[in-house]
Amino acid sequence: MDILLKRTVFLLALVPFFLLLIRVQQNNLGPDPAQELSIETGEWALRFLLITLALTPLAQLTGEVRFVRQRRMLGLFALFYASVHFLSWMAFILGFRWMAIAEELLERPYITIGFAAYLIILALGVTSPRAMVRRLGKNWKRLHKLIYLAAVLALIHLLWILRTDIQEAVLYGGILAVLLGYRVFRKLGLIKR
Ligand code: HEM
């Protein structure tokens, strides 16, 4: 049963990627395909980050442990979409011109912030295998708390661009505020364990 759920979640998480591939193949990405790819993959990276952050509260509030069991895989999907986002930016916007890439990473604040979020998500992905959890012990938990910082940085990255309609940014920001607020309330004992 558990394995079936895992496989279903895995396949569902790949759907946005394949839909995007179909649009690429059909040349159906609008007037600025590179930008559209950036926007779509960036949004999915942020959505998977928020979904991953929602799993612990969902498990605690419902008592359904299966939510937590999808956490690692969905976190890795956030890394997957963020990697496609980063790669397509390097390839299709900057044509792998390494000097230009380095310059943008260092000199454009919204890019620097996105990159910082990416490095955190990458570090969490690299340390997600069970062997790493065992090896890092208590430090693993400390390190993985950085997921909150990654989500805040990703949101600042989005707000900085704010070409999207404000409503979307408010929605993502609101969801993140609820997810972080839940943890603060729980820590303060205002939500019962
Ligand atoms: C690796 C470093 C990153 C770079 C170089 C980068 C670059 C970009 C670029 C060029 C855009 C499109 C701007 C435009 O509209 O023209 C964008 C948008 C976006 N990125 Fe990133 N990004 C990075 C990391 C991330 C990460 C880690 C996340 C989320 C986890 C993220 C989420 C987003 C979102 C949500 C958007 C806005 C999409 C929209 O306009 O609706 N980015 N990023």
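This is a predicted model: local features need pLDDT of at least 70, side-chain atom pairs count only at pLDDT 80 or more; totals for chains, interfaces and linings use all residues.

Trainee: Which residues touch the most other members of the largest nonpolar core?
Mentor: Leu49, Ala78, Ile121 and Ala154, out of 27 residues in that core.

Trainee: And which helices supply at least two residues of it?
Mentor: H2 (33-62), H4 (71-93), H6 (109-126), H9 (146-161) and H10 (166-187). H2 gives the most, seven residues.

Trainee: OK, H4 and H6. What angle do they pack at?
Mentor: About 135°, with the axes 9 Å apart. The two helices are therefore oblique to each other, since roughly antiparallel would need an angle over 145. Their crossing is left-handed.

Trainee: Which residues meet there?
Mentor: From H4, Gly75, Leu76, Ala78, Leu79, Ala82 and Phe86; from H6, Tyr118, Ile121, Leu122, Leu124 and Gly125. By class that contact has nine nonpolar, two polar and no charged residues.

Trainee: Switching to H5 and H6. How do their axes cross?
Mentor: H5 covers residues 98-107, and its axis comes within 5 Å of that of H6, crossing at roughly 95°. That makes H5 roughly perpendicular to H6.

Trainee: What's in that contact?
Mentor: Glu104, Leu105 and Leu106 of H5 meet Ile111, Thr112 and Phe115 of H6. The classes here are four nonpolar, one polar and one charged.

Definitions and conventions: Residues are numbered from 1 along each chain as its sequence is written. A nonpolar core is a set of buried Ala, Val, Leu, Ile, Met, Phe, Trp, Tyr and Cys residues joined through C-beta atoms within 7 Å. A residue is buried if 20 or more other C-beta atoms lie within 10 Å of its own, exposed if 12 or fewer, and partly exposed in between; C-beta atoms are placed from the backbone. Helices (H or I, at least four residues) and strands (E, at least two) are DSSP runs, numbered from the N terminus. Axes are lines fitted to C-alpha atoms, for helices over the stretch in contact, and angles run from 0 to 180 degrees between N-to-C directions. Angles under 35 degrees count as roughly parallel, over 145 as roughly antiparallel, 65 to 115 as roughly perpendicular and the rest as oblique. Two residues are in contact if their C-beta atoms, placed from the backbone, lie within 7 Å. Ala, Val, Leu, Ile, Met, Phe, Trp, Tyr, Cys and Pro count as nonpolar, Asp, Glu, Lys and Arg as charged, and the others, Gly among them, as polar. A crossing is left-handed if the near helix is turned anticlockwise from the far one by less than a right angle, and right-handed if clockwise.
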